[in-house]
Amino acid sequence: MLNKIQPSIRNARQARQAFFALAISALSFASCKDDKGNIKPDDGNPATEDKAFLPNKDEVYTYRISDSDGSKSSSTMKVVSVKDSSGISVYNIENEIKEGNVYVTTRNRAFSKDGVTTYELFYEDAINSLYANTEEFATIEKVTMKGFPQKQVMENKGTVGSNITFSKEPMEIGLELLIPIDENDSIEADLETKITYLDGKATKQETITTPAGTFNCTKWEYKYEMYLKLSSLFIPVEEKEFVYNVELWTAPGIGIVKTVETSDDDVSTTELQKITK
C-alpha cells in the first residue's frame, strides 16, 4: 500500500506553504506613517529625513499571490491595535493568508526607534501557520522550533543603499507527522525545515503599476535560503535546498506594492490589488 501514496516533498505542497506563510509574514513590513506623497528618485544622494516604515492604522491592504505552477492565493493585512510602550508606538499587525479553504493568520509586532523600523514574528504565529497548512494531509504529533522571535530591521531613510537586515539565527522547525496512506493505515515521518534570511539593500526607485494604482516605489533586494528534509522508516530520505532571490517594491503611505520571489523556474509574485478603509 505504500506504493499508492508515498509522502513526498514534491507532493506535500501544503507543507512548503506552511513555511512560505512564515516567510510572507516575516516580510510584511508596510507603509510609512507620514504623508502619502510619492517617493522621488534620490540618484544616490543622502536622505533628507528619516521615515518610519509602519502601516496606516485606518486601511486594509489586499494582495494576490500567484505562483508559477498556476496556484493562486490572497493575503489581507491590517493594523489591529497600536499601544504605547515607554513612549514608543508599538503596532500589532495581522496578516490573513487564504488559499482555497485554508486560512492562515499571523501577527507581527512593529515599532520604530533610533532611525530603524523593526518587525518581529513570534513562535505562536509559526505554530498556527504550521497546523493550518498541514492538517489536510497529516497530523502533527510534535513540534520543535528555534530562532524566534524572528526580526527584520529596515533603515528608515529608505533611499538607494539603505539596509534591510534580519535575525542572524535562522528559523528552524521540526515536525513529527502521522501521514494517512489509506483508510486504515498511516505512517510516521519527520519533516525538518530551516529558513535563513540574508541581508540586502534598497537598489533603485521606479514606478510600479498594479490593480490598486500606480506608485513611485523603492526597490529592495535580498535573499533567503530554505532547507527541507523528509524522512521515514518506510521511504527514502528526501532533502531539498532552495535559494530565493527577492525583489520587493514599497511606497510611502502604502507599504508593500509588489514582490517577486525567484528560485530557478519557481516564481511567486505578490501584488497589491486594493486598499480599503
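Predicted model: local features only at pLDDT ≥ 70, side-chain atom pairs only at ≥ 80, totals over all residues.
Guide: Local features here need pLDDT of at least 70, side-chain atom pairs count only at pLDDT 80 or more, and totals for chains, interfaces and linings use all residues. Residues are numbered from 1 along each chain as its sequence is written, and side-chain values use heavy atoms, with hydrogens and water left out.

Visitor: Why is the pair of phenylalanine 166 and tyrosine 222 called tilted?

Guide: Rings of Phe, Tyr and Trp (its six-membered ring) pair if their centres lie within 6.5 Å; planes under 30 degrees apart count as stacked, over 60 as edge-to-face and the rest as tilted. The centres of these two rings are 5.1 Å apart and the planes stand at 50°, so the pair is tilted.

Visitor: What makes this pair a tie between parts of the chain?

Guide: Phenylalanine 166 lies in strand 8 (residues 163–166) and tyrosine 222 in strand 11 (residues 213–232), so the pair ties together parts 56 residues apart in sequence. Strands are DSSP runs (E, at least two residues), numbered from the N terminus.

Visitor: How do you know whether tyrosine 197 is buried or exposed?

Guide: Buried means under 20% relative accessible area, exposed over 50%, partly exposed in between (1.4 Å probe, protein chains only). Tyrosine 197 has 5%, so this residue is buried. Tyrosine 224, at 0%, also counts as buried.

Visitor: Which residues form the aromatic cluster?

Guide: Phe166, Tyr197, Tyr222, Tyr224, Phe242 and Tyr244 form one cluster. The structure holds 5 aromatic pairs.

Technical notes. Helix = DSSP H or I, 4+ residues; strand = E, 2+ residues; numbered from the N terminus.
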